[in-house]
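Me: Hey, I've got this model open and would like to talk it through. Can we start with the overall build and then go down to single residues?

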Amino acid sequence: MIIPFEEVGRLPFSTDNVAIATTDLDAGSTISMTAESGEASIITLSHTVLEGHRFAVQSIREGEELLSWGMPFGRATRAIKPGEYVCNDGVLDALSGRSLDIQLPGTANFSDEITSFQFDKDQFAPNTQVERQPVDQYFMGYDRGVQRGVGTRNHVLLIGVSSRVAGFVRHVEKQYESISASHPNIDGVVGIVHTEGDDAGINNKELVLRTLAGFVVHPNTGAVILIDDGSESISIEDVKTYMAAHKYPDSQVLVETLSVRGKFVEPANKCRQILDEWLPLVNSAVRTRQPISELKIALQCGGSDAFSGISGNPLAGWVARELIRQGGSANLAETDELVGAEPYILKKVKSQDVAQRFLDTIDHFVKRAERHGSSAAGNPSGGNKFRGLYNIYLKSLGAAMKKHPDVCLDDVIEYGQRMTQPGYYFMDSPGNDLESIAGQVASGCNLIYFVTGNGSITNFPFVPTVKIVTTTRRFELLKEDMDVNAGAYLDGLSMDELGAETLSMTLNIASGAQSAGERAGHSQVQLWRNWKQPEDGSSLVGNKETLHESLLPGHPIQLKQGKVGVPVTVKGYTTPRGPAFEQLGLILPTSLCAGQVARMAVDKLNEMDVLQLFGVDRFVTLVHTEGCGASSGSSEDIFMRTMHGHLIHPNIKSALLLEHGCEKTHNDYFRNYFHRENLHSDTFGWASIQLGGGIQKTFDHIESWFKRHASGSSRATHEFEAGAIKAGLLIDDSIPSDWLEEIAVWIAGLITEGGSVVVPALEGRQNKILQILGTNNAPATLAYSQSFIQNGLHVMDTPSLNWQETITGLGATGINVMLYIGNDMSRAGHPFIPLLQVTDGTASGDHSATGNTALPETLSHLISETLSGTYQPIRYTFNNIDFQITRGLYGISL
């Protein structure tokens, strides 16, 4: 049967020599085509071509460029006949890692090579923006004054200045999660937590300050409390100083500051007092009729596919054009996702200066990646390639379609820099969706267009996100979590009709109607993460010769003299992986975008009778910021090692991996990793938000899987001796020096009893303890997050000084308890490995000691009671927990 091309394929531009399959096409399919000249031809497909993938429609000579949207995305490595499946090494590698029942070509037929863009200054001619066409269109918004603009929402923000206070911020936020019921004009009390600001030698300080400052004065902000610990690299004072120096209109915002200073209960009470006084005032704000020119739309894409550049992105570009015609603004971002699209972006640009700044921004991003041993070409995720975006050039060409051909590029701004005039902006940012969106919001965007081919469910907490899906099939699969079906354009609806419908929906959402993401009730924030390589190209921060990003032999340090241990016992469960002290169900998000859904699923399951229904004590998850939007190499190795260590922890009775669906580290990526590590993938559960039909269906699948796997390990307890204790140890410099001798006695005694202690390779008290034990200058025995095989004393490498990254790495080593000897109560614990705090009496914790008398006995008995289940750590009481994976020395955002 001969199939008309229009039924199964699409050419973005008539001059393209390859076409996109609009459905899966079997090998041997015969397709009829008619050229613009009227000449008819028949082509036969060489291989099965997946939906979104490309096949040649013309003969392509060896060395000739392959074209899509009329622009090159690769060069033929041999002659390609019409009907041949075009593929590069990257897509063949990505597809071979998937569970597909198709025959792939044996070799690639094109390379990721294009002619570099050369900007001809002599031929440049400035352009003007589309002509203003004012129309009578309005929305109902919150007028915050000329300097701040108009809000589409009215939120109270709890901004954590650094990652140090993440647990504290979440604790307070949780107590106001239903505030809209009693205060209908408040859309929510939102905690802004992120990974930055708690490490020495940070290179992104200005980016963090600019972003937080932008959040403070954002028109959707009704009031804000800035919260820090007072000891981080970035403080409240830094934010205030930055805002004053750059003339942010913070005097127009209700702002309060709060430093927790190592405490928890007292500052939490103070925070609630402030909020309770503010809420009536914030609730008094009312929406008023506002011109459409007050809208500033962030143009974003994630989980992109081959149709993003045909339907979804052009639709976003169409609405942006109409908005600019009426005096509004649009913000295009994701620098590395425009590499290769420079000719298109610069077809219409305001001035030579703007054009040069655009090119310089891309060049700077590319060089930063190179300094970290990476490449901007590494941006496309496994999901991108699976859905037809073979390389960065194809992804960029499609992403660039968010700029309508009629629209002129008015300005290029830094990450988070405020937009002060109407027009079309390009903002520097990584391709990481969450990190890019945070910068766009800080720049003043009061509504987000998120174009997605795979069906990304990402939402921002205090700015509504409009989800635009590229195909009808994917929209129908995920319609409960999506807003706009751009696939209607592929089905025959004109772009003008679809654009008008989308603009009408946009005005409704801007006026207060909830987007699909807001109805779903999940969101997350991530700032542009720090990078270790300085911008001047000098050597890496830290000693890269002694920092191990690959595995170490793992032999424990030999103590010169043992001590008699404290004779304690602990009650737990016998498992094939060793003694366990809880039986937990783990939902492990394979990437950052699955994290909030995993958290919601855990909360839902924990409301049930978990022991009766699922045979576990409780459910836990490990929400993180990795797995996509970051460089590969050593940072990805660290990520997988950290996930692995937590998955095989003895406390985990059953575990399910939850993928978003379009990330680098998708479910099949993990299955392949398990195969290499000799783990049986069928012992774990698997779920996909995108392929599983959306959030609610995913919840149902997760619940069903854990019910089916409720039986298994015995609930009978066993009494273990002290040798079953495997402790991570962290010590503050604030602790009296005469305690160190007794702590060393406790370490030596526990190891004599057959137990283990892991200390991070940090300066300060940890080193002094090793000196007392006669092991000073001992090298690290474990890489970051490396599981230990032999019991004893271990030192774990630490790529950063970040508290949360340190305890996350410790958690993967195989320890079953953490002991923090220090006075900072604000530091968060681990999601499922108990962290016990012993203070010197100047602060509250799990135990306050007035001296070093009987300290070894105190530590051993406190650990015994905790592991045996007769004592609950104070951090669990307040849910002061967090989880953050390091990127090592070389990881960067892409």
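Me: How many helices and strands does the chain have?
Reply: This is a predicted model, and its chain has 27 helices and 36 strands.

Me: And how compact is the chain for its 894 residues?
Reply: As compact as a globular protein of that length, because the radius of gyration is 28 Å, close to the 29 Å from the globule rule. Along the principal axes, the C-alpha atoms fill a box of roughly 90 × 65 × 55 Å.

Me: OK, what share of the residues is buried?
Reply: 63% of the 894 residues count as buried.

Me: What about contacts, how many join residues at least 24 apart?
Reply: If you take contacts between residues at least 6 apart in sequence, 77% of them join residues at least 24 apart.

Me: Now charges. How many positive and negative side chains are there?
Reply: There are 71 positive and 102 negative ones, and the centres of the two sets lie 1 Å apart.

Me: Why would any of those pair up?
Reply: Side chains of opposite charge can pair when their charged atoms come close. In this structure there are 36 salt bridges.

Me: Give me one. What does Arg164 pair with?
Reply: Arg164 makes a salt bridge with Asp198, with 2.8 Å between the closest N and O atoms. The two sit in distant parts of the chain, 34 residues apart: Arg164 in the loop between β12 (155–160) and α3 (166–174), and Asp198 in the loop between β13 (188–192) and α5 (205–217).

Me: Are those two buried or exposed?
Reply: Arg164 and Asp198 are both buried. They also belong to a network of salt bridges that takes in Asp229, Asp732, Asp824 and Arg827.

Me: Why does Lys395 count as buried?
Reply: Its relative accessible area is 8%, and buried means under 20%. Glu337 counts as buried as well, at 3% relative accessibility.

Me: Last topic, Val759. Where is Val759, and what is Val759 in contact with?
Reply: You'll find Val759 in strand β32 (residues 756–760). It is buried, with a relative accessible area of 2%. Setting aside neighbours within four places in sequence, Val759 is in contact with Leu729, Gln766, Leu770, His794, Val795 and Met796.

Me: What separates Val759 from Ser893?
Reply: Their C-alpha atoms are 29 Å apart, and the two residues are 134 residues apart along the chain.

Key
Residues numbered from 1 in each chain as written. Predicted model: local features only at pLDDT ≥ 70, side-chain atom pairs only at ≥ 80, totals over all residues. Heavy atoms only, no water. Helix = DSSP H or I, 4+ residues; strand = E, 2+ residues; numbered from the N terminus. Rg over C-alpha atoms; globule rule 2.2 N^0.38 Å. Buried < 20%, exposed > 50% of the residue type's maximum accessible area, 1.4 Å probe, protein only. Contact = heavy atoms within 4.5 Å. Lys, Arg positive; Asp, Glu negative; His and termini not counted. Charge placed at Lys NZ, Arg CZ, Asp CG, Glu CD. Salt bridge = Lys/Arg side-chain N within 4 Å of Asp/Glu carboxyl O.
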